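This report describes pockets and helix packing in one protein model. The sequence and structure come first.

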Amino acid sequence: MFRSLYVAATGMVAQETKLDTISNNLANANTAGFKRQEAEFEDLVYQNVRTPGRVANGTTGPAGVQVGLGSRVVATNRQFSQGAIQQTDNQLDVAIEGRGFMPVLRPDGEVVFTRAGNLRLDAQGQLVTARGLPTEPPINVPPDATAVTIGPDGTITADLPGQEVPTQLGQLQLATFPNPSGLQALGHNLYQPSAASGEPILGAPGEQGRGSILQGAVEASNVEVVEEMIGMIRTQRSYEINSRVIQAADEMLRKATSMQ
């Protein structure tokens, strides 16, 4: 009787974690480059009351008696499907169409990666993210540039006064990973490689399966609000069912103790 109380409690904790994941997805439904997460469950260990295949009285039992001890969240898998492309009025905005992450440089010198391409210029004319992190490699735009063009391969050129031919300023790079789901999310639209993701494979956009760059647009979140709402309802119902198991076990215990 006590076992069912703890088993139901593990189910409630697991559903609570799933609801946390859904709420984070919904909170970032309008975050550029955000990738939704999905909570994945696994069952816990089993108590073997009678082992399957056990020989008793000269016969082999076709099945055993195994009592499960609940469930837990084993992973929160991030889905890296393509988000919708939203056009903007900023010539520095870029959207990654396909696979790849844009490397940027943190103040401590560490290279991290992002899918959010809402870029700006800082006070020194350096191309930076919305949080002020410069692209890697760094790209500087002259203050007298009249127009900036970013090609599908990441090549950045600028129209300068007195020059008929655009001046090349640099080229954006993209990185791919053997297992993108293994990236560690740092917040602020940033990801960090881990032992599970593998090392980044850097190169030019459009090469070796990397996505291309689209200027004047950003990639929206891949969160589907309707699907998240459906998942939230299912999670709520599962939580309620587990709570009813606790109520039923409590009622059975109450009746058992009252009979003494």
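## Pockets and helix contact

The largest pocket has a volume of about 250 Å³. The model is predicted: local features need pLDDT of at least 70, side-chain atom pairs count only at pLDDT 80 or more, and totals for chains, interfaces and linings use all residues. Residues are numbered from 1 along each chain as its sequence is written, and side-chain values use heavy atoms, without hydrogens and water.

A pocket here is an open set of points on a 1 Å grid over the protein atoms alone, where a 1.4 Å probe fits, with protein on both sides within 12 Å along at least five of seven lines; lining residues have an atom within 4 Å of a point. A volume is the space filled by probe spheres set on the points.

Lining the largest pocket are 17 residues, with Lys 18, Glu 38, Gly 231, Arg 234 and Thr 235 nearest its centre. Helix 2 gives the largest share, seven residues. Helices (H or I, at least four residues) and strands (E, at least two) are DSSP runs, numbered from the N terminus.

| Pocket | Elements each supplying at least two lining residues |
|---|---|
| Largest pocket | Helix 1 (2-27), strand 1 (37-43), helix 2 (225-258) |
| Second largest pocket | Strand 17 (184-187), strand 18 (190-192) |

The second largest pocket holds about 160 Å³ of space. Its lining has 14 residues, and Phe 34, Arg 78, Gly 187, Asn 189 and Tyr 191 are the closest to its centre.

The axes (lines fitted to C-alpha atoms, for helices over the stretch in contact, with angles from 0 to 180 degrees between N-to-C directions) of helix 1 and helix 2 come within 9 Å and cross at roughly 160 degrees. Helix 1 is therefore roughly antiparallel to helix 2, a term for angles over 145 degrees.

Key: Angles under 35 degrees count as roughly parallel, over 145 as roughly antiparallel, 65 to 115 as roughly perpendicular and the rest as oblique.
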